[in-house]
Every structure is written in structure tokens, then in C-alpha cells.
Amino acid sequence: MTTTAPAPAAGVPVGPGLSMFDPIFVGIDEFGQPVYITLAYRNLLAGGEPGGGKSGLLNCIAAHAALSIDSRLVLLDGKLVELGQWEDCADAFIGPDITEALAVLRRLQVVMNNRYAWLRAHGRRKLTALDGLTVITVLVDEIAFYSATVGSKQEQEEFVALLRDLVARGRAAGIPVVAATQRPSFDIIPTSLRDLFGYRAAFRCTTPNSSNIVLGHGWAEQGYSATDIQPTNQGAAYLIAEGGVPRRIKVAYLTDGQIAGIADYAAWIRRPTNLTASATTADLGVAA
């Protein structure tokens, strides 16, 4: 669930000691208090008009995941540029290619099924930080590109089915999904899919119905409508967690330069260690 309480006394660790099981800082609330989310066992949906700040939220999460020692990144970005700076940190980076997108989602489904088989064999229901398995964070920007724009009708339907399966079953297996769309409509985000996301963030929307599609039916009528967000207030959104009430937040913003610096450092700490291992064995006079 979201929290606006100050971080614990021990503090939120800073990379490379971060973990995907740690709280993720995403911004501040209307009172200036920090807002954290815990993504390891949840998914996040962000929707709103273009330029509202969705990419800023995705980049905050990507930065935390890239700096986490127990995380792997899978990125799907139809425009190539919203998440492109994180490519060197990712296990897979998919651009405007529905065939590659389907292939990576199928592989993730196999990984998920294997993890559930492992959990069942050990009498468990979900992964924990002590299991030593990585959290595979899947970021998708934009859902509509893969589900309604590129590819054949059959490929689009398969993409939706695979994404729905990951959102429905992936979180307990350590595969959370963060997805964004600038087309919050029932054909892109049906209720059955939306309700699977534990966190939902509505950035500026042009109609109360679009806001409700992201947050849930009826919230706009209760005074929580993303149409109230001014066009110039980029990064402002209503964030709701499971069983909670929408709260107004301002998403933290990373400049392109900051993203480049973080991504470069994250790629460095993620570099293969076999060269280091080879150098160590050579120094010890042991055959590599």
C-alpha cells in the first residue's frame, strides 16, 4: 500500500544496496510528505493524456529497479525513447516489434510457471527476499501500441492475454508489471484487467470517465477526478492502492541527464563478473 509516513529510522537504502522489496520513492503528496510504494507483490497501472507525467513515474521505478541488487529489468517501449536510456541495464529491451514482444512475454510466462512449480515443491505461496531469486520487473510503455496498433488482430489479442496472465499471476512469483497508457479507455484497459493492478495512478484525463477507467468506477463522482489536474501541472496524479482512497501526489522527476547518470552507474554495477573472476584466478596462479 502507499504510505506518506517518513522512512523508517534505518532509512531507505541507497543503491547498490537497494532491493525490490524495499519501499520505492515515487514523489510527494499534497502536504509535501514523501510517498513510497512497495512493488514486489503488486502491479502498477498509469494512465492519462500525453505529457501528463506517466513516463516520469516509470523512470522513477526503472531507476530503483536498475539500482537494486535483486532485480532484473524487462522493458517494452514502442517509441524506444521513453525507457531507452535503461536499455543497457535491461535483460530485454523491446521496441516497436510485436513479434519480439510476444516472444519475451512467452518466456516470462515460462519463468513464472517454473517459479510456481518451485514454490509448490517447497510448500510455499510466494517468493521472499530470502529466496535468492531476482525480481523481474516488467515495464510497458505503451499498452495500446502493442494491443491495438501494431501487428495483426491475433497478435494483439495474444499480447493482451499474455500481459493479463503476468499481471494476474506474476506478482507472487516475483514478476511485477508496471504498465502505462495514454488511451485510458475500456477497449485498452478493460475492468477485468484494471482491477488486477494493486496500484493505479491517474494523471490528467480529459473526461471523468477516463479517470474512472484508471482509478475505478465512481471515484470521479466522489471528487477524485483527474480532470481537475491542470495541464501545466505535469507529474500530478491521483494514486490509489488496494482497498485505499485516491490521494493526490506529485511524481518525482528525473531529467534526461540524471537518468543517463543513474543508468550508466547501474549498468556498471550490473556488468558481468566473469572478468573479475578470471583476473582473480590469474592472480592466484590458478588456471582459468
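Analyst: A salt bridge here is a side-chain nitrogen of Lys or Arg within 4 Å of a carboxyl oxygen of Asp or Glu. The model is predicted, so local features need pLDDT of at least 70 and side-chain atom pairs count only at pLDDT 80 or more, while totals for chains, interfaces and linings use all residues. Residues are numbered from 1 along each chain as its sequence is written, and side-chain values use heavy atoms, with hydrogens and water left out.

By this rule there are 10 salt bridges. One of them joins Arg-72 to Asp-91, with the closest N and O atoms 2.7 Å apart. Arg-72 is in strand S4 and Asp-91 in the loop between S4 and strand S5 (92–94), so this pair links distant parts of the chain, 19 residues apart. Helices (H or I, at least four residues) and strands (E, at least two) are DSSP runs, numbered from the N terminus. For accessibility, buried means under 20% relative accessible area, exposed over 50%, and partly exposed in between, using a 1.4 Å probe and protein chains only. Arg-72 has 35% relative accessibility and therefore counts as partly exposed; Asp-91, at 48%, is partly exposed as well.

Glu-242 takes part in a salt bridge with Arg-42, at 3.4 Å from N to O. Glu-242 sits in the loop between strand S9 (236–241) and strand S10 (247–251), and Arg-42 in the loop between strand S2 (34–37) and strand S3 (44–47), so the pair ties together parts 200 residues apart in sequence. Glu-242 also forms a salt bridge with Arg-171, where the closest N and O atoms are 3.4 Å apart. Arg-171 lies in the loop between H4 and S7, 71 residues from Glu-242, and this pair too links distant parts of the chain. Glu-242 is partly exposed because its relative accessibility is 40%, and Arg-171 is partly exposed because its value is 29%.

Asp-141, in strand S6, is another matter. Asp-141 is buried but has no salt bridge, and the nearest side chain of opposite charge, Lys-79, is 5.5 Å away. For charge, Lys and Arg count as positive and Asp and Glu as negative; His and the chain ends are not counted. Beyond neighbours within four places in sequence, the residues in contact with Asp-141 (heavy atoms within 4.5 Å) include Ser-55, Leu-58, Leu-76, Asp-77 and Glu-82.

A nonpolar core is a set of buried Ala, Val, Leu, Ile, Met, Phe, Trp, Tyr and Cys residues joined through side-chain atoms within 4.5 Å. The largest one has 41 residues, and Ile-37, Leu-39, Leu-44, Leu-57 and Trp-86 have the most contacts inside it. Helix H1 (residues 54–67) gives the most to this core, with 9 residues. A second, separate core of 33 residues includes Leu-76, Val-138, Ile-189 and Ile-213.

Helix H4 also has buried residues, among them Gln-156, Phe-159, Leu-162 and Asp-165. Their cover includes strand S4 (71–77), helix H2 (98–121) and strand S6 (135–141).

Last, the cysteines. The structure holds 0 disulfides, a disulfide being a pair of cysteine sulfur atoms within 2.5 Å. Cys-60 counts as buried because its relative accessibility is 9%, and Cys-89 counts as buried at 3%.
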